[in-house]
Amino acid sequence: RIENGHGEVATFDRRVTTPEGERIEGSIEAQPGAGPPMHVHFRQEEGLTVVAGRIGYQIQGETPRFAGPGETVVFAPGVAHRFWADGDEVLRCDCFVQPPYNMVYFLSEVFRSIREHGDGKPDPFEAAFLLHKYRSEFAMLVIPGFVQRVVFPVLRLIGHLTGKYRRFAHSPEPVR
């Protein structure tokens, strides 16, 4: 169970093998209005089945859509998307990610950083590190291109020189 301290909780219950391969299954809970910003999983399919509440979701470039209890939303690998708890109720979804690769590690570190940083965003040094290391798997599209191309490399250099990244010394290798 991981929490970002800003209305999102993810629980990863199990790894299972399906005819399509390995996946992780669990649940997502989001307070009204909460949810991840526009992002993409380059190698993973993500599915959300609404158990309670109402999910708002959007594929980049399209208008928002909504789903209620019993309905499932699936995002294919490489499809930029976001979702949120729409309305006044807490959103509860069963979820899966297939194949899992580094999803649990990446999301755990991002949620920890958001929680510790305290302003609803991850620490910029940690975001620069994690988004660079796992760039073959994930991208956060809300971060301006200039920041990703110019600012993040400077932050990564400073972070390496000052030892800020020691905590990531044993992080799993990204999928290439």
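A residue counts as buried when its relative accessible area is under 20%, as exposed when that value is over 50%, and as partly exposed in between (1.4 Å probe, protein chains only). With that scale in hand, let's begin at Tyr-101, which is partly exposed at 38% relative accessibility. Tyr-101 sits in the loop between strand 10 and helix 1, where helices (H or I, at least four residues) and strands (E, at least two) are DSSP runs numbered from the N terminus. Its phi is near 40°, a positive value in a residue other than glycine. The loop also holds Pro-99, between strand 10 (91-98) and helix 1 (103-117). Gln-98 and Pro-99 are joined by a cis peptide bond with an omega of about -15°. For background, most residues other than glycine have a negative phi, and most peptide bonds are trans.

A word on what you are looking at: this is a predicted model, in which local features need pLDDT of at least 70 and side-chain atom pairs count only at pLDDT 80 or more, while totals for chains, interfaces and linings use all residues. Residues are numbered from 1 along each chain as its sequence is written, and side-chain values use heavy atoms, with hydrogens and water left out.

Now step back to the whole chain. The protein has three helices and 11 strands, and along the sequence they follow the pattern β-β-β-β-β-β-β-β-β-β-α-α-β-α. The radius of gyration, taken over C-alpha atoms, is 16 Å, close to the 16 Å from the globule rule (2.2 Å times the number of residues to the power 0.38) for 176 residues, so the protein is as compact as a globular protein of that length. The C-alpha trace spans about 50 × 35 × 30 Å along its principal axes. Of the 176 residues, 45% count as buried. Contacts (heavy atoms within 4.5 Å) also say something about the fold: among those with a separation of 6 or more, 70% come from residues 24 or more positions apart.

Next, the interior. A nonpolar core is a set of buried Ala, Val, Leu, Ile, Met, Phe, Trp, Tyr and Cys residues joined through side-chain atoms within 4.5 Å. The largest one here has 38 residues, and Leu-48 and Ile-55 have the most contacts inside it. Leaving aside neighbours within four places in sequence, Ile-55 is in contact with residues including Leu-48, Val-50, Phe-66, Trp-84 and Leu-91, as well as the charged Arg-65 and Asp-86.

His-81, in strand 9, is buried, because its relative accessibility is 0%. Beyond residues up to four places away in sequence, His-81 touches Pro-37, Met-38, His-39, His-41, Glu-46, Gln-58, Ile-59 and Phe-75. Ala-76 and Val-40 are 36 residues apart in sequence, yet 9.4 Å apart in space, C-alpha to C-alpha.

Finally, the helices. Helix 2 (residues 124-133) is mostly covered, with eight of its 10 residues buried; among them are Phe-125, Phe-129 and Leu-130. These buried residues of helix 2 pack against helix 1, strand 11 (138-140) and helix 3. Helix 3 (residues 145-162) is also the place of Val-150, which is partly exposed with a relative accessible area of 40%.
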